[in-house]
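Here are my notes from going through this model. Have it open while you read, and start with the cavities.

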Amino acid sequence: MDYTVKTRVGTAKKITGEAIVYLVFQDNDEQPQLPALPQLPEKQLADFSAKQNEIQLFYQGEFACQKLLLIGCGKSSELEAGKLTELGGRVIEVARQFKLPELTVIFPLQLNFDREKLAEKFYSGLVLAGYKFIQYKNQSDDEENEQQLKLQHVTVLIEDARSEKTITRGGEKGITIAEAVKFSRDLGNTPANKMSPRELQQTALEMAEKEPKIKLKTIADEQLKKQGFNLIRAVGGGSSTPPRLLELTYTPENYARTVLLLGKGVTFDSGGISLKPSKKMDEMKFDMSGAGVVLAVIKGAADLNLPTRLIGLIPAVENMPDSSSIRPGDIVESYAGQTVEILNTDAEGRLILADTIAYACQKWGEQADCMIDYATLTGACLVALGHAAAGLMGSDDKLCEQLLRAGQQVNERLWRLPLWKDYRKKLDSKIADIKNIGGQAGTVVAGCFLKNFVDLDKIPRWAHIDIAGTAWGMEKLNYRPKEGATGFGVRLTLEFLSNQ
Ligand code: BES
Ligand code: ZN
Ligand code: MN
């Protein structure tokens with residue numbers, strides 16, 4: 001984003017500037033619910049029905065600003081909470097289309113939503129729509145070079161002074177959340193040569209240095225060995241950048257609850273000795289997206305001052321083939337003490353998470369309200385749900401319901417899958433306690449593998465979110481580009497934490 005987003009109170013009539021933008025909804029008879037507008041050419045107005053995606057531009061002399069843009073938004077009764085961010089994104093999309101350097105958008109006070117929430121979601125969309133990953137492009141695209149045509153300022157106008165405080169508060173929250181999402185998108189988009197386990201640690205360190213409420217502890221090298229994180233060491237063994245376990249804590253002044261967040265941090269997944277085919281292997285730079293969610297949620301929670309203590313645990317490794325890599329058939333003693341027969345070195349995410357889960361239960365189990373892990377865990381999740389939803393599995397119905405609801409509210413959809421014993425059986429090994437692959441239903445089998453390491457006596461509330469289909473490659477929205485990392489999971493989790 002290189003435009004600013006500001007809020008002011010006033011009447012549209014007196015606003016000077018390039019353009020005034022109205023979001024216009026339809027009533028149940030599909031009639032446009034027009035705001036108080038100047039005299040506009042009737043014929044042109046008659047053509048505007050406020051259908052979704054419809055835009056109408058007017059020039060008039062009654063308002064200080066000549067250009068009025070009406071953006072059709074469809075029936076207001078059909079607008080769900082999850083779509084509010086898209087409204088903000090739509091404003092930016094239209095600004096680009098009309099090459100506006102500046103605009104004032106009227107805050108849609110007429111909508112029947114909690115004002116603060118509405119502002120939060122709307123502003124998030126305004127900011128997120130500006131996301132680009134162009135850090136490594138020396139020459140930006142032509143269009144962007146035309147300086148004057150670039151969007152520079154967005155003003156949100158509140159036409160009712162009584163709502164100023166609420167909207168400003170919600171808006172600031174929304175901007176903070178959007179910044180966290182952008183942070184996680186950047187982490188995901190950064191290629192593996194620039195985002196190895198070392199840089200992932202460095203990123204966490206910078207967060208801790210900037211914010212006194214965040215602390216970082218890193219377990220690496222000898223400590224990893226001494227404490228028995230053998231699965232993490234096994235997966236990271238083939239890389240010249242050694243593995244490490246990052247432990248971040250965000251401690252607010254007063255807190256009633258502690259939530260554990262675990263994120264798969266495979267900075268590149270070549271598959272190891274069970275090497276992946278070369279097609280689309282570049283996408284495996286995104287295999288640390290779970291870690292990206294955890295880092296961004298901790299940053300967001302700290303910026304929002306959320307009253308929940310967070311423990312973020314990230315096993316950061318690179319999965320590479322080498323003479324020091326694990327081989328198919330190897331047996332490794334996990335942190336939990338159970339032995340694992342590794343039949344496919346490409347099923348590595350569950351291995352590093354198994355050690356992390358066992359450690360989390362042991363160290364934090366007594367204090368934790370719940371534990372949620374995020375992982376680009378299985379290609380099978382993409383087969384099952386495509387890019388439309390992430391797979392949700394868990395031990396506790398109430399926790400799963402809370403997550404499903406949070407997902408609905410921010411349009412980050414989850415779909416729950418079962419963890420029946422039938423699937424766990426597929427992981428029985430003849431020569432070790434468990435094996436790391438198990439045939440069909442790959443997503444739930446992987447979920448069962450993780451569950452095997454959760455000490456449910458210590459943490460009865462555990463959920464696993466497979467973001468293999470949603471961390472990148474989702475459908476384009478106005479606030480989310482088609483290309484690259486989505487930051488999926490960040491808004492969902494911040495919503496979940498705020499709901500508590
Ligand atoms: N990181 C991959 C999962 C993945 C693949 C995510 C494609 C997104 C797109 C994971 O480590 C993996 O390789 N899983 C294997 C497991 C299999 C060997 C049981 C897979 O899904 O093929
Ligand atoms: Zn992987
Ligand atoms: Mn893999």
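Which helix gives the largest share of the lining of the largest cavity? Point 2 has the answer.

Housekeeping: this is a predicted model, with local features needing pLDDT of at least 70 and side-chain atom pairs counting only at pLDDT 80 or more, while totals for chains, interfaces and linings use all residues. Residues are numbered from 1 along each chain as its sequence is written, chains are lettered from A and ligands numbered from 1 in the order in which they are written, and side-chain values use heavy atoms, leaving out hydrogens and water.

1. There are 3 cavities of 30 Å³ or more, and the largest has a volume of about 80 Å³. (A cavity is a set of points, on a 1 Å grid over the protein atoms alone, where a 1.4 Å probe fits but cannot get out; lining residues have an atom within 4 Å of a point. The volume is the space filled by probe spheres set on the points, which are joined across faces, edges and corners.)

2. H9 is the answer: it supplies 3 residues to the lining of the largest cavity. The lining includes Ser289, Gly292, Val293 and Phe488. Helix H5 (164-189) and helix H9 (289-304) are the elements giving two or more residues to that lining. (Helices are DSSP runs of H or I, at least four residues, and strands are runs of E, at least two, numbered from the N terminus.) By class, the lining has 6 nonpolar, 6 polar and no charged residues, with Gly counted as polar and Asp, Glu, Lys and Arg as charged.

3. On to the metals. Lys264 (NZ), Asp269 (OD), Asp287 (OD) and Glu348 (OE) coordinate the zinc ion (ligand 2) at 2.0 to 2.4 Å. (Donors are N, O and S atoms within 2.8 Å of the metal, or 3.2 Å for Na, K and Ca; water is not among the atoms, so sites may look incomplete.) The zinc site has 6 donor atoms, angles of 78 to 174 degrees and octahedral geometry, which for six donors requires opposite ones over 155 degrees apart and all others between 65 and 115.

4. Asp269 also bridges the zinc ion (ligand 2) and the manganese ion (ligand 3), 3.1 Å apart. Lys264 sits in the loop between strand S9 (257-263) and strand S10 (265-269), and Asp287 in the loop between S10 and H9, so the pair ties together parts 23 residues apart in sequence. Lys264 and Asp287 are both buried (under 20% relative accessible area, 1.4 Å probe, protein chains only).

Technical notes: 1 Å grid on protein atoms, 1.4 Å probe; cavity = no way out; pocket = protein on both sides within 12 Å on 5 of 7 lines; lining within 4 Å. Tetrahedral: all angles 85-135°; square planar, octahedral: opposite > 155°, others 65-115°. Buried < 20%, exposed > 50% of the residue type's maximum accessible area, 1.4 Å probe, protein only.
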